[in-house]
Amino acid sequence: MEIGFSLYGLILVLISTVPNVFFLFFPPVTATIRTQDAGVAASLMEHGGRIFYFASMICLTYPYYRPTLRSFLILALVICSVLYVLVWVLYFTHGMDYTILSRRVLGFLIPLAVLPSAYTILSALWLRNYTATVFAAIFSIGHMYNYYLGNIEEQDLPFEEPADTQHRQQ
C-alpha cells in the first residue's frame, strides 16, 4: 500500500456520490416518514466511516495490483450500482417522492440502506483496498442503523401495553 492517487477509487466514489448531490438540490416534496435520531455513535460511524472510506479509496494505492473486469466482485458491484442509480431515477422521475427511497423489499430497507453499504464494501474489495474496506464496514453499520431509525413507520414501532392495563384485563 502506498499513498498516491487512485483514479479507479475516485470514479467509484463519484458513482456513489453524484445522486446524493442531486438530492441536496432537489429535496423530497413528500416527507411522510417519521424521523428519529440514532445517536452520536451511529452518526459518527456513518459520517466518519464515509469520510475515511472516500479518503482511502482516492489516496491509497496498491501499485502491484490492477483490478480486473473478470471478477465476481465487479459483477456484484455493477448490479449494486445499477440498482442504486435506478432507485434514484425512480425518485426523480416520480415527483421526488421520499417513499420511493424508503420502500422495503423482503422486510429490508433495500433502496438506500443496503445498496450503498454493499457498494462501498464491494468497491473497496474490488480494488483490494483493505483499509477502505474497514472504513466501508464502519460506514455501513452506522448508515444502516441511522437509515433504519430515520425511516421507521408507525406500524413498525413495537407496542407494549402499560403494566397497569395488563392487570385490569385479568
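The questions and answers below go through a predicted model, in which local features need pLDDT of at least 70 and side-chain atom pairs count only at pLDDT 80 or more, while totals for chains, interfaces and linings use all residues. Residues are numbered from 1 along each chain as its sequence is written, and side-chain values use heavy atoms, with hydrogens and water left out.

Student: What distance should the 19 residues of α1 span, and what is the distance between its end C-alpha atoms?
Tutor: Helices are DSSP runs of H or I with at least four residues, numbered from the N terminus. The expected span is 1.5 Å times one less than the number of residues. For the 19 residues of α1 that gives 27 Å, which agrees with the distance between its end C-alpha atoms, 27 Å.

Student: Where in α1 does a kink lie?
Tutor: The bend at a residue is the angle between axes fitted to the seven residues ending there and the seven starting there. In α1 a kink of about 35 degrees comes shortly before the proline P19, and its place is T17.

Student: At roughly what angle do the axes of helix α1 and helix α2 cross?
Tutor: Axes are lines fitted to C-alpha atoms, for helices over the stretch in contact, and angles run from 0 to 180 degrees between N-to-C directions. The axes of α1 (residues 7-25) and α2 (residues 40-59) come within 7 Å, and they cross at roughly 145 degrees.

Student: Which residues of α2 do G9, L10, L12, V13 and T17 in α1 meet?
Tutor: Contact here means heavy atoms within 4.5 Å. By that rule, the residues of α2 that these residues of α1 meet are Y53, F54, M57 and I58.

Student: Is L112 buried or exposed?
Tutor: Buried means under 20% relative accessible area, exposed over 50%, and partly exposed in between, with a 1.4 Å probe and protein chains only. L112 lies in helix α5, and, not counting residues up to four places away in sequence, it touches Y84, W88, L101, H143 and Y147. Its relative accessible area is 9%, so L112 is buried.

Student: What is the phi of R128, a residue other than glycine?
Tutor: Most residues other than glycine have a negative phi. R128 sits in the loop between α5 (110-126) and α6 (130-150), and R128 is partly exposed because its relative accessibility is 44%. Its phi is a positive value, near 55 degrees.

Student: How many disulfides does the count come to?
Tutor: A disulfide is a pair of cysteine sulfur atoms within 2.5 Å. By this rule the count of disulfides is 0.

Terms used
Helices (H or I, at least four residues) and strands (E, at least two) are DSSP runs, numbered from the N terminus.
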